[in-house]
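Here are my notes for you as you look through this model. Keep the 3D view open and find each residue as you read.

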Amino acid sequence: TLGLPASPSAVPRARSGHSVANMSRLLSLQTYHPQSLLHDKFLNKGTAFTAVEREELGVRGLMPPRAETLERQAEREILHVRGEPSALHKYTYLMGLYGRNRTLFFRVLHDNLVELLPIVYTPTVGEACQK
């Protein structure tokens, strides 16, 4: 398993933005099932888990075999968002992503902030509340 650093400033970050310490805590506590990791919206990286991470976390075989970078996943997701017919549909799609994979949601939002801010903030949120 991965060792925990002595101080928070020494926490290494994976390319996905997840700290290795968080993954290590999961491994050391042994209180999770591999499927639980994939359903955890804060720790799930989708297909961005590397082959080594998949083996260490026991999720090999539970997802498509090909690993993708977070960047590639974000590119695919923004294409889905742009394909939605209205701002309300885009909002609904993004909230689904938010519920499944927070890391990917915030990457898509970060990379497309000017385009998506009106959708995840007012006026689209107001419209969603009315409907």
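1. Of the 131 residues in the chain, 37% count as buried. Please keep in mind that this is a predicted model. The accessible surface of the chain is about 8200 Å², and carbon and sulfur atoms account for 58% of that area.

2. Next, the secondary structure. Take the contacts between residues at least 6 apart in sequence: 49% of them join residues at least 24 apart.

3. Which residues have the most contacts inside the largest nonpolar core? They are Leu94, Leu104, Phe105, Val108 and Leu116, in a core of 15 residues. At least two residues of this core come from each of helix H4 (70-82), helix H5 (87-100), helix H6 (102-111) and H7. As background, nonpolar side chains in soluble globular proteins tend to be buried together.

4. Leaving aside residues up to four places away in sequence, Val108 touches Ala74, Glu77, Ile78, Leu94, Leu97 and Leu116.

5. Now turn to helix H7, which covers residues 113-120 and has Leu116, Ile119 and Val120 buried. Looking down the axis of H7, you will find its buried residues within an arc of 85°, so they line one face of the helix.

6. Is Leu113 buried or partly exposed? Leu113 is in helix H7, and it counts as partly exposed because its relative accessibility is 41%, while buried would mean under 20%. Together with Leu117 and Tyr121, Leu113 forms a nonpolar patch on the surface, with about 320 Å² of accessible area for the three together.

7. Finally, have a look at Met63, in the loop between helix H3 (51-57) and H4. Although Met63 sits in a loop, its relative accessible area is 13%, so it is buried. Not counting residues up to four places away in sequence, Met63 touches Leu38, Gly46, Phe49 and Arg54.

Conventions. Residues are numbered from 1 along each chain as its sequence is written. This is a predicted model: local features need pLDDT of at least 70, side-chain atom pairs count only at pLDDT 80 or more; totals for chains, interfaces and linings use all residues. Side-chain values use heavy atoms; hydrogens and water are left out. Buried means under 20% relative accessible area, exposed over 50%, partly exposed in between (1.4 Å probe, protein chains only). Helices (H or I, at least four residues) and strands (E, at least two) are DSSP runs, numbered from the N terminus. The arc is that of the directions from the helix axis to the C-beta atoms. Patches are made of residues with over 30% relative accessible area and no salt bridge: like charges are joined within 9 Å, nonpolar side chains (Val, Leu, Ile, Met, Phe, Trp, Tyr) within 5 Å. Accessible areas come from the Shrake-Rupley method with a 1.4 Å probe; for residues, only the protein chains shown count as cover. A salt bridge is a side-chain nitrogen of Lys or Arg within 4 Å of a carboxyl oxygen of Asp or Glu. A nonpolar core is a set of buried Ala, Val, Leu, Ile, Met, Phe, Trp, Tyr and Cys residues joined through side-chain atoms within 4.5 Å. Contact means heavy atoms within 4.5 Å.
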